[in-house]
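These notebook entries record what I looked up in the structure shown below.

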Amino acid sequence: MFKTVIRRAGKCAVVAAAGLMMMSAQAAEPIKIGSFLSVTGPASFLGDPELKTLEMYVEKINEEGGVLGRQLELIHYDDVGNASSARNFASRLIRSDRVDIIVGGSTTGATMAAVPLIQQAKVPLISLAGAVVITTPVKEWVFKTPQTDRMAAERILTDMKERGITRFGLISGTGGFGSSGRTQTLEVAEQMGMEVVADVTYSGSDTDMTAQLTNIRNTSGVEAVLNFGFGQGPAIVTRNYAQLGMELPFYQSHGVASDSFLELAGASAEGLRLPASPLLVPDSLPEDDPQKEVVQNYKAEYEARWDSKVSTFGAYAYDGLMLAVRAIEEAGSTDPEAVREALENIDGYVGVTGVFNMSPEDHNGLDPDSFRILEVQDGEWKLIK
Amino acid sequence: MLNNLMQSRLRGLVILALILLILPVFLGNPFHYELVTQMAIIAATVVGLNLLVGFAGQISLGHAGFFGLGAYFTGIATGTYGWPSVPALVVGAIVVGFIAWIVGRPILRLKGHYLSMATLAVGFIIAIILNNERALTGGPDGMPVPAFEVFGWELSAFGSYSLFGIDIEGFQAWYIFASVVLLVAVWFALNLIESPIGRALRSVHGSEVAASVVGVNTAKYKSLVFVISAVYASLMGSLYAHFQGFITPAVASFEFSILFITMVVLGGMGSTFGVILGAVVLKLLPQVLADFQELEHVMFGLILMLTMIFMPKGLLPTLTIFFSKRMRRKAGGEA
């Protein structure tokens with residue numbers, strides 16, 4: 001009796017397996033795109049628009065017939081901004097879900113925690129995080145879409161130089177973004193023959209930066225002030241700056257290039273400059289700007305779908321997904337090595353963040369000019385150049 | 001009689017070893033191995049912490065600080081200065097033990113929960129140092145850690161090895177290694193508990209006044225066990241760093257300290273095997289709830305609340321009492 005049960009079960013299994021195989025032969029297996037993002041937690045302002053963008057465009061691409069005739073499947077995990085869970089989820093994507101490519105890592109910490117694993121598992125990763133360490137030195141399997149903080153520093157300092165400024169004061173946050181930005185600024189300043197005459201920091205929980213700013217003001221020879229920071233710190237610095245009545249040219253980093261910063265800083269933001277994505281000023285871009293159409297479309301589609309304001313962070317995810325799709329199309333398969341090579345050879349892809357020209361030596365593919373210098377005028381972003 | 005004692009003490013250890021032996025049958029892919037390996041490392045840390053919480057009745061709110069210090073010591077010594085893994089691990093543990101001794105020595109002469117406050121502060125200080133010493137630790141963005149190696153032989157989760165003629169993958173090798181580490185950690189803890197030190201500690205936990213009246217040097221024993229549990233944390237932090245291959249200051253964060261304490265309370269204070277269960281449950285939770293990430297904290301709180309209300313002794317002790325009662329009733333019915 002027991003034997004017959006087993007025999008019957010065996011027959012059933014064979015039939016079921018055959019059925020499954022036939023089904024998979026009819027519909028080609030989907031291309032699996034993995035993603036780990038900080039959708040909740042302290043970095044949710046990065047992960048939330050990123051995930052929304054990925055979901056929305058995976059849907060759109062599938063409606064239009066997919067890639068290489070195969071549908072896309074997005075497998076996503078939320079790392080809550082925690083580096084070790086980012087690493088675990090990356091491992092789960094690679095080893096359990098067996099994804100073909102990964103778009104993700106909202107923060108530098110999350111990305112870097114996954115990098116050793118990615119390098120060993122040989123799966124292409126397109127990171128959405130900023131710091132320069134991700135792609136310098138170049139790691140074979142790791143790419144990224146946002147400009148590096150080094151480029152931001154270069155862009156700001158170039159603009160200062162054009163205004164005839166060579167000595168400036170630096171105030172930076174002690175968080176990951178601020179301290180990495182500080183290091184890059186100091187290096188770039190030395191290269192460009194500029195002098196950082198004052199160098200002060202504040203911690204993320206500080207509620208008043210008057211002391212640090214007074215320190216800068218009292219340093220002789222300061223011609224401008226640059227603030228490298230993230231979150232609420234820069235808004236407080238901006239307000240204190242106005243309260244102290246400081247008249248020197250004031251720069252912020254790309255870390256605060258969002259409309260919510262304008263709301264937080266209010267009228268005290270008037271006149272400050274920062275490097276930013278063209279996404280903040282889609283309509284004032286000149287007609288011959290190759291990015292104008294891409295930027296306007298992304299903004300319109302995102303805002304129509306989610307009924308919330310578009311953010312530059314979501315644009316990183318847009319570029320990441322589109323680069324992945326383009327690379328898979330060029331490679332003609334999802335073979336990791338072929339996709340990796342195709343990514344490395346991406347040339348002239350016009351994205352929302354900038355125009356990407358990758359090479360084996362450059363896994364970011366952007367140049368500092370992809371940043372636009374904006375100035376706050378009458379409470380609005382104004383394109384300077 | 002001696003035989004009996006040995007049996008009761010080692011029975012749990014044998015069961016744990018059997019579970020670890022059988023477990024691979026249920027592990028479907030390398031990711032599962034990785035998860036269990038992490039669980040074993042964390043569980044061993046918690047077994048050490050339980051010596052302090054469950055037996056000496058002291059609470060450390062900064063154990064992640066010691067864990068993180070061990071991890072970073074290993075990361076910096078092996079990564080930046082090219083030390084071999086084992087000396088780095090040992091020296092790291094000695095340094096952490098010494099720090100714990102300096103912190104614990106004066107405070108543990110006092111009665112009450114002053115140690116929690118001191119460890120809270122130490123944990124924060126360690127986390128701040130790891131965050132700010134960018135040149136040494138890589139700052140908030142973290143630093144890479146090389147693979148574990150002994151005499152030029154590397155144990156990497158991605159390698160493949162041949163052990164006694166059997167081919168095994170790197171993740172399986174790590175699983176075996178972490179299992180052995182956990183068994184040794186448990187064996188040491190069980191022996192410590194049954195030793196004169198353990199008895200002295202339990203008397204301190206019961207009533208400190210009574211203990212000192214019968215001649216137990218309470219301050220000495222409390223600081224000894226505090227140092228031991230910090231060394232446990234440091235050793236496991238070192239292994240964790242090697243296994244992960246990358247560490248950030250989050251390993252030393254306050255949240256992580258709280259997670260450790262929660263594992264002890266959930267699993268059952270004073271129950272060496274209970275706290276392992278606590279570690280397994282809390283390490284599994286984020287993976288099980290991966291699709292409902294926003295619920296994780298709600299579930300975390302709910303589990304903790306329900307345990308406190310319905311199983312104040314913790315998961316394993318309550319379950320053991322429940323089942324042994326049922327079995328006794330069954331036996332009684334049959335007779």
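I looked up burial and noted that 45% of the 335 residues in chain B are buried (20 or more other C-beta atoms within 10 Å of the residue's own, with C-beta atoms placed from the backbone).

I recorded that this is a predicted model, in which local features need pLDDT of at least 70, side-chain atom pairs count only at pLDDT 80 or more, and totals for chains, interfaces and linings use all residues. Residues are numbered from 1 along each chain as its sequence is written, and chains are lettered from A and ligands numbered from 1 in the order in which they are written.

I listed 14 helices and six strands in chain B (DSSP runs, H or I of at least four residues for helices and E of at least two for strands, numbered from the N terminus). The radius of gyration of chain B is 20 Å, close to the 20 Å of the globule rule for 335 residues, so chain B is as compact as a globular protein of that length (the radius is taken over C-alpha atoms, and the rule is 2.2 Å times the number of residues to the power 0.38).

I then turned to the domains, whose bounds come from an automatic or database domain assignment. Chain B is divided into domain 1 (2-287) and domain 2 (297-335). Twelve residues from domain 1 of chain B and nine residues from domain 2 of chain B take part in the contact (C-beta atoms, placed from the backbone, within 7 Å). On the side of domain 1 that touches domain 2, helix 12 of chain B gives the most, with five residues.

Notes: A residue is buried if 20 or more other C-beta atoms lie within 10 Å of its own, exposed if 12 or fewer, and partly exposed in between; C-beta atoms are placed from the backbone. Two residues are in contact if their C-beta atoms, placed from the backbone, lie within 7 Å.
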